[in-house]
Amino acid sequence: MSEQINPFVQEDGKKPSCMQMLQIILDEQSTEAQQEYFKAHMDRCMPCFKTYNLDATIKELLKSRCCGGEAPQDLIEGIKQRIDQQRPQ
Ligand SMILES: [Zn+2]
C-alpha cells in the first residue's frame, strides 16, 4: 500500500509540524483534502486532538458572545497559554 499523500507538504517538500497543520486548519485556510488528512491524523495524535478541541471550544465561546461584544482578552490569553503548554516538543 502506498503512503497517504500529505496535502500539507509545501512545494519545497518540507513536511509541516503538527503545530503548522493546526494553524492552517484553525485559521480556516485549509482545503478539503487538508481537513480530511488532519481528521485522520488527529486519531493518532493526542496533542493535535486536544488542541483542536480546545480551539473549537474557544470558538464556540466567542460565538456565543457575538452579540455582547468581545470576549475578555485575559480569558483568551489564558486559553492560548494552555494550548502552548500542550505544544508537542
Ligand atoms: Zn499531530
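Asn6 is buried, with a relative accessible area of 11% (buried means under 20%, exposed over 50% and partly exposed in between, with a 1.4 Å probe and protein chains only). This is a predicted model, in which local features need pLDDT of at least 70 and side-chain atom pairs count only at pLDDT 80 or more, while totals for chains, interfaces and linings use all residues. Residues are numbered from 1 along each chain as its sequence is written, and side-chain values use heavy atoms, with hydrogens and water left out.

Asn6 lies in the segment before helix 1 (helices are DSSP runs of H or I with at least four residues, numbered from the N terminus). Leaving aside neighbours within four places in sequence, Asn6 is in contact with Lys15, Pro16 and Tyr37, contact meaning heavy atoms within 4.5 Å.

The buried residues of helix 2 are Gln34, Tyr37, Phe38, His41 and Met42. Seen down the helix axis, these buried residues fall within an arc of 140°, so they line one face of helix 2 (the arc is that of the directions from the axis to the C-beta atoms). On the other side of helix 2, Glu32, Glu36 and Asp43 are exposed, whereas the cover over its buried residues includes helix 1 (18-26) and helix 3 (46-64).

## Phe38 and its surroundings

Phe38, one of the buried residues of helix 2, is in contact with Phe8, Met21, Leu22, Ile25, Cys48 and Tyr52, once its neighbours within four places in sequence are left aside.

Key: Helices (H or I, at least four residues) and strands (E, at least two) are DSSP runs, numbered from the N terminus.
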